[in-house]
Every structure is written in structure tokens, then in C-alpha cells.
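I opened this notebook to record what I looked up in one structure.

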Amino acid sequence: MIKKRKMLKVKNLKKHFRVRKKLLKAVDDVSFEIKAGETLGLVGESGSGKSTLGKMLLRLHKPTSGKIYYEDKDINDISRKERKLVQRDMQIIFQDPYSSLNPKLTVEEIISEPLLIHRTLPKNEQNRRVDELLDLTRLPLRSKQKYPYEFSGGERQRIGIARALALSPKFIVCDEPISALDVSIQAQIMNLLEDLQKELGLTYLFIAHDLAMVRHISTRVAVMYLGKIVELAPTEELFNNPKHPYTEALLSSYPELNTRKRKSNIILAGDIPSPLTPPSGCRFHTRCPKALFACSEKEPKLKEINRDHLGACHLD
Ligand code: ADP
Ligand code: MG
């Protein structure tokens, strides 16, 4: 497997929704890269724009502006044929496996649907491929004729993963893939995702709330706040040496993370502001324990603080 090759590059990506005659800046000018074979973790409070960002990568949302390059190709500027190939390469696993599986279809129909749509295999080979996918996701072959309601939450997530793998993708957005599952099942699904990554050489964007899980699976981690990436660093660097006050606050609410520099528990004041009316200057200044006057005036840019460690704070 070729490692460290650039797989995905995002430049000045924005998604603004029109809501009640106002612009809701769900994702507001983010740029980053994902290397082949790595897992980029993406964390931040609910509403910070993580899912919107993930969906834009798969073209489930059309960006308001900005560029997405997949293997150096601008995915908004390619032929239909090329786009179909890119679509096969990029898949998504959702948080709620129940609502993302059609209840009227059998598992066999659910898993073979992408194969039918993309017509990648002759009919007689589709059967074999479905068996292979059940095997990969550790589901018994007799699952094929059953319906989603006959499975537990963890099994349904396996079905969702099998479907996402049907077209042999290279890149998968995992959007909170374990948040809706029982704690006892979460580790099994995490192990499966890790095994699949190794076996199939997958690249992940891993969105999650659980910082311990993100730390465990990610090569690097990006932190989002109100539509912006405020910090991005290799995983251990981020957990041991967080630079942005927002990252510090997020980490301090997880004392069990056992980071080297233990911070006292920083309680964030108030809720996350509405992205319809984001604060001026640094969007975090209204909740930041270190904010200075300048922070409400000028928006900090994401810049390199240490090697490979990016942060967007005026105090660095
Ligand atoms: P996260 O996944 O980090 O919780 P989301 O990407 O789901 O955040 O949402 C970011 C912001 O965009 C939220 O304020 C949300 O309400 C808003 N949003 C998401 N999808 C839409 C949509 N289709 N129309 C309008 N607003 C949306
Ligand atoms: Mg989300």
C-alpha cells in the first residue's frame, strides 16, 4: 500500500444555507488534506458543521464555493464518466443505521443495490460479492433474506458498512458511526472499522463525539467550531499539546483521556452560538477564557504553530 500519498484536498470550502432570509454559514472556508491510508478525526460540538463538511466531500451537498480535489482531480470539474468512478471510490457510513437502511428491502437487496446501480459486476458474480461483503463485515450468510428490523443496532451498522464497501471504495466518511449504538457494541464496530482499514487499505474521515475513540483511531485530528477548523495536528500532539483554547476546553471535559499536560476542568460558558449570527472576529471569543479585546475584532487565520500543528488563535 502506498502511504502518505495525498488522496483528498479541500480548499476554501464553504457551505452556506439560506435560512429565514439569512445565511447560515455551516462550513465557512476550510482547507485541509487527507493522505492515502490515514484516518483524519473530526471533532467539535454538535452544530459545528462536521456532517455538512463530510457530505460535501461526497457531493451529497453542493459546496457554495471552494474546491475539492480527489487524487488531484477537481471533482466539480470532471467528465460524467470520471465522476461516476470517483463516486464509487468515496462512500459514507451514517450514525443511525436504521434510518439509512430501506426497511422494505432484504439485506441481500440492500447490499447489492450499489452493484446494480453501478453495474460493476455481471449478475452471477453479484451473489458471490454479497457473500464476500457479509463475510468481511462478520455477518452470517443467512442474513441475506432477512429485513433490517430483524437485526440489532450493531448488526444493522454492519449491514450499512457492507453496503458502503460494495463498490470497493478507497475513502469512507464515517459520520458518528458508533454514537447511536450501545456502549457494549461500540468497541466491536470500532475494531471492525480498524480491521477493514488494514485489510482493504481504506482512508477515513472519522467524525465522532467520543474523544477517546477519536484518539484511538486517528492519525491526525481536526477540531471544528462554528463552521471553521480551529486546530489540526497529529493525534498525540493534539491531545498532549493542545494550542487552541477551544481544544483545551474540549479535552478538559474528558479527564479520563490522561493527557500529559492535565488541565483543570475548563467549563465553557454558555451554549455554542447560532451559526446564523456568529460572533465577530474569532468566533470562539464569547466563550473563550483567554479572550483579549483584539479577539472580537479580527478573525484569526489557521496557521502553522509547530511542525504539522495548525491553530487559529491570536494568542499563538
Ligand atoms: P454537526 O454535524 O457538526 O453537528 P451539521 O453539519 O449537521 O453539524 O450542521 C451545521 C449547521 O448547519 C447547523 O447549524 C445545522 O442546523 C445547519 N444545517 C445543516 N444542514 C442544513 C440544511 N440542509 N439546511 C439548513 N441548515 C442546515
Ligand atoms: Mg453531524
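The entries below follow the order in which I consulted the model.

**Entry 1: domains.** I note at the outset that this is a predicted model. I looked up the domain assignment and found domain 1 at 6-218 and domain 2 at 245-316. I then took the separation of the two, and their C-alpha centres lie 29 Å apart. On the residues involved, I recorded that domain 1 contributes 16 residues to the contact and domain 2 contributes 13 residues.

**Entry 2: buried area.** I asked how much area domain 1 and domain 2 bury between them. The value is about 1,300 Å², and 60% of it falls on carbon and sulfur atoms. I next asked which three residues supply more than any other three of the area that domain 1 buries against domain 2. They are E45, L211 and R215, which supply 42% of that area.

**Entry 3: polar and charged links between the domains.** I looked for salt bridges between domain 1 and domain 2, and the count is 2. I also looked up the pair D28 and R283, which form a salt bridge with their closest N and O atoms 2.5 Å apart. For polar contacts across the interface of domain 1 and domain 2, I noted 3 residue pairs, both residues of each being at pLDDT 80 or more.

I then turned to the side of domain 1 that touches domain 2. Here β2 (22-35) and α7 (211-217) each supply at least two residues. The largest share comes from β2, with 5 residues. By class, I recorded 6 nonpolar, 3 polar and 7 charged residues on this side of domain 1.

**Entry 4: ligand 1.** G49 places a backbone N or O atom 3.0 Å from an oxygen atom of ligand 1. S51 has a polar side-chain atom 2.9 Å from an oxygen atom of ligand 1. For T52, a polar side-chain atom lies 2.5 Å from an oxygen atom of ligand 1.

**Entry 5: salt bridges overall.** I searched the whole structure and found 17 salt bridges. One that I examined joins E125 and R128, with the closest N and O atoms 3.8 Å apart. I asked why E125 and R128 are separated by about one helical turn. The reason is that they stand 3 residues apart in helix α4 (residues 123-136).

Note on methods
Residues are numbered from 1 along each chain as its sequence is written. Chains are lettered from A and ligands numbered from 1 in the order in which they are written. This is a predicted model: local features need pLDDT of at least 70, side-chain atom pairs count only at pLDDT 80 or more; totals for chains, interfaces and linings use all residues. Side-chain values use heavy atoms; hydrogens and water are left out. Domain bounds come from an automatic or database domain assignment. Contact means heavy atoms within 4.5 Å. Buried area is the accessible area (1.4 Å probe) that two parts lose on being put together, summed over both. A salt bridge is a side-chain nitrogen of Lys or Arg within 4 Å of a carboxyl oxygen of Asp or Glu. A polar contact is a pair of N or O atoms within 3.5 Å; within protein, one must be able to donate a hydrogen and the other to accept it, and residues adjacent in sequence count only if both atoms are side-chain atoms. Helices (H or I, at least four residues) and strands (E, at least two) are DSSP runs, numbered from the N terminus. Ala, Val, Leu, Ile, Met, Phe, Trp, Tyr, Cys and Pro count as nonpolar, Asp, Glu, Lys and Arg as charged, and the others, Gly among them, as polar.
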